[in-house]
Amino acid sequence: MTTTASQVLDRVLVLEMVRVTEAAAVAASTLTGRGDEKAADAAAVEAMRAALNELAMDGTVVIGEGERDEAPMLFIGEKVGSAQGSGPRIDIALDPLEGTTICAKAGPNSLAVLAIAEQGGLLNAPDVYMDKIAVGPGYPDGVIDLDRTPTQNIEAVAAAKGRPAGDIVVCVLDRPRHEALIAELRGLGCGVMLIGDGDVAGVIATTNPDTTIDVYMGSGGAPEGVLAAAALRCVGGQFKGRLLFRNDDERGRAAKWGVTDLDKQYDLTELARGDCIFAATGVTDGSLLKGVKRKDGRMTTESVVMRASSGTVRWVKGEHRIA
């Protein structure tokens, strides 16, 4: 009997992914606003790893905390799950604390995020930068393209929406490298929403009309690009990504992880193929999710879990007893 991708993921219950991101978010939240990025990240990593190892799967981290010599836990290639050699083979992309600086400063949109797919379903993206552009659902295919200028992309999106370019709102990471991009967008009259960190949340925000964000643009981490692509696969939208290399060491790292075409423009389905599940839990309050709250011996969490094969989006509010 042939086992389909969906059958494989059915064995790893969707809500189990929420329990994993909840564990990481709760652990990181104990250090919110304490100014210690490394401690908050370490707490989230340890909690997520422990939760993953309780699941009956044969999991492999394909996007994680870095290479083995850089990360003691959840490094690329690490095996997780309690059914090694016998359980369903699952590829895992994760960021136990998306927005470490945000968490340390108690800013908005810090998340614990996780995506899973059948083995081979997620691009094994190296820890380099990626040029990204994303829009939510409802646009004609090909409305965005990294081979076009920012102005051309904005004009295409505006035409598809039947609105002037100046009505488009673009989310961009607030970085010196984006000064020219921001100036070009503002020259068109666009609204530019600058975020200090957390570009996974920024990409996902294009799918939610309440955020008013139409487009995400700019460069950020390639691993975060794969995580964001997995989320868009579940709820609809378009994403383009191209790896950016600063030196030969980064090119060699990409080759090590199987990237052969260094100039390729990746589409959504090339970053996250087949059936996949995306889950996130808020660490701090943000546009997507509320953060962890503690009161009267209880704590609350808010999570979202999405699945590509069904297009299902579940919003999960949890109430937990504080040990």
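Trainee: Which backbone nitrogen does the side chain of D58 reach?

Mentor: This is a predicted model. In it, D58 is part of strand β1, residues 58-63. Its side chain comes to 3.1 Å from a backbone nitrogen, that of G85.

Trainee: Is D58 buried or exposed?

Mentor: Among the residues D58 contacts, beyond its neighbours within four places in sequence, are K79, V80, G87 and R89. Buried means under 20% relative accessible area. The relative accessibility of D58 is 8%, so D58 counts as buried.

Trainee: Which strands are the edge strands of the open sheet of six strands?

Mentor: The open sheet runs in the order β7-β6-β8-β5-β9-β10, and its pairing is mixed. An edge strand here pairs on one side only, which is the case for β7 (191-195) and β10 (265-267). On average, neighbouring strands of this sheet are turned by 20° against each other, direction ignored. The edge strands are β7 and β10.

Trainee: In which sense do strand β5 and strand β8 pair?

Mentor: Strands of a sheet pair through backbone hydrogen bonds, either parallel or antiparallel. Strand β5 covers residues 129-135 and strand β8 covers residues 215-221, with seven bridges between them. Y129 stands opposite G221 in β8. The sense of the β5 and β8 pairing is antiparallel.

Definitions and conventions. Residues numbered from 1 in each chain as written. Predicted model: local features only at pLDDT ≥ 70, side-chain atom pairs only at ≥ 80, totals over all residues. Heavy atoms only, no water. Pairing = 2+ DSSP bridges. Helix = DSSP H or I, 4+ residues; strand = E, 2+ residues; numbered from the N terminus. Axes fitted to C-alpha atoms, helices over the stretch in contact; angles between N-to-C directions. Buried < 20%, exposed > 50% of the residue type's maximum accessible area, 1.4 Å probe, protein only. Polar contact = N/O pair within 3.5 Å; in protein donor to acceptor, adjacent residues only side chain to side chain. Contact = heavy atoms within 4.5 Å.
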